[in-house]
Amino acid sequence: MREIAYENIVSTVRELCIKAATVLPDDLCRLLDKARDTEKSPAGKSAMEDIVANYEFAAEAELPICQDTGMAVVFCNLGQDAHISGGLLSDAVNEGVRQGYVTLRKSVVADPLRRVNTGDNTPAVIHIQLVEGESLEINVAPKGFGSENMSKMKMFLPSCKREDIERFIAECISVAGSNPCPPVVVGVGLGGTVEKAALLAKTALARPVGERNPDPFYAKMEESTLKRINATGVGPQGFGGINTAVAVNIETYPTHIAGLPCVVNVGCHVTRHASATI
């Protein structure tokens, strides 16, 4: 049994919050660069040039890429042979978020209806999964709500076709227009139950955008859905063009014979995540 200290988790989460807010993943940067180079719409190309300049400046100046530094979503894969010493894992994560957001915008309210700001961006949304081993993998994925608000779910009949789901996903992005700050990353959860599909969609956004689903069937579906989305013409920041999305990531799970849950979780061009293993 390996011990992992509470304070080690706190400091790791703190650093990941700052890194995620200021430095985009390399794979996403490459796709944004490609979108800038390939965009045919003059207004869309100008927007892409600003987007690329913004993420480059943010990394160099160690400033937030976006003013909405998001609600912290934290994925923890905890090895079953590891033991957290000195406190609860959830408390350590929230303390790390509290410290990490000292100089970042605090966007969390304590109650959905009474809307009083907690003042420190806690609590985080924490997902803990037990895995093999004795380490702790932490992935901090701050989620801004310009894109989160554009997310949708639908219960399809089990008789539906792949094309029906592709059209639904593309329609979600088309209707969203400029609101999620395209070009977007689209996370899709298929299967399970409603809450499982939602978690799958969020997990999909944390997958590197250069990786396709390991199942060739869904890898092909990711590619064809991306083409459908980019054919909508929404374009960068809604100014029109061929780059409405840079990636579609689909995650699946077995489901009930009578249903087919589908959740679309939209990520803006600042789809942030940073990870570390303790």
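A polar contact, as I use the term here, is a pair of N or O atoms within 3.5 Å; within protein, one must be able to donate a hydrogen and the other to accept it. I'm working from a predicted model.

**Entry: Asp-120**

I started with Asp-120, which sits in the loop between helix H4 (89-100) and strand E4 (125-131). Is Asp-120 buried or exposed? I looked up its relative accessible area and got 16%, so I noted it as buried, because the cut-off for that is under 20%.

Next I checked its side chain. I found a polar contact with the side chain of Arg-98 at 2.7 Å. I also found one with the side chain of Thr-122, again at 2.7 Å. Leaving out residues up to four places away in sequence, I listed Val-97, Arg-98, Tyr-101 and Lys-106 as what Asp-120 touches.

**Entry: Asn-179**

Then I went to another loop, the one between helix H6 (162-176) and strand E7 (184-192), where Asn-179 lies. Its relative accessible area came out at 48%, so I put it down as partly exposed.

Which residues does Asn-179 contact, leaving aside neighbours within four places in sequence? I got Gly-146 and Met-150. Met-150 is 29 residues apart from Asn-179 along the chain, yet their C-alpha atoms are separated by 7.5 Å. I also saw the Asn-179 side chain reach the backbone oxygen of Ala-176 at 3.0 Å.

**Entry: Met-155**

Last, I looked at Met-155 in strand E6 (residues 152-156). Met-155 is partly exposed, at 45% relative accessible area. Together with Met-153 and Val-194, Met-155 makes a nonpolar surface patch of about 260 Å².

Technical notes
Residues numbered from 1 in each chain as written. Predicted model: local features only at pLDDT ≥ 70, side-chain atom pairs only at ≥ 80, totals over all residues. Heavy atoms only, no water. Helix = DSSP H or I, 4+ residues; strand = E, 2+ residues; numbered from the N terminus. Buried < 20%, exposed > 50% of the residue type's maximum accessible area, 1.4 Å probe, protein only. Contact = heavy atoms within 4.5 Å. Patch = residues over 30% accessible without salt bridge, like charges linked within 9 Å, V, L, I, M, F, W, Y side chains within 5 Å. Areas by Shrake-Rupley, 256 points an atom, 1.4 Å probe, with all protein chains shown as cover. Salt bridge = Lys/Arg side-chain N within 4 Å of Asp/Glu carboxyl O.
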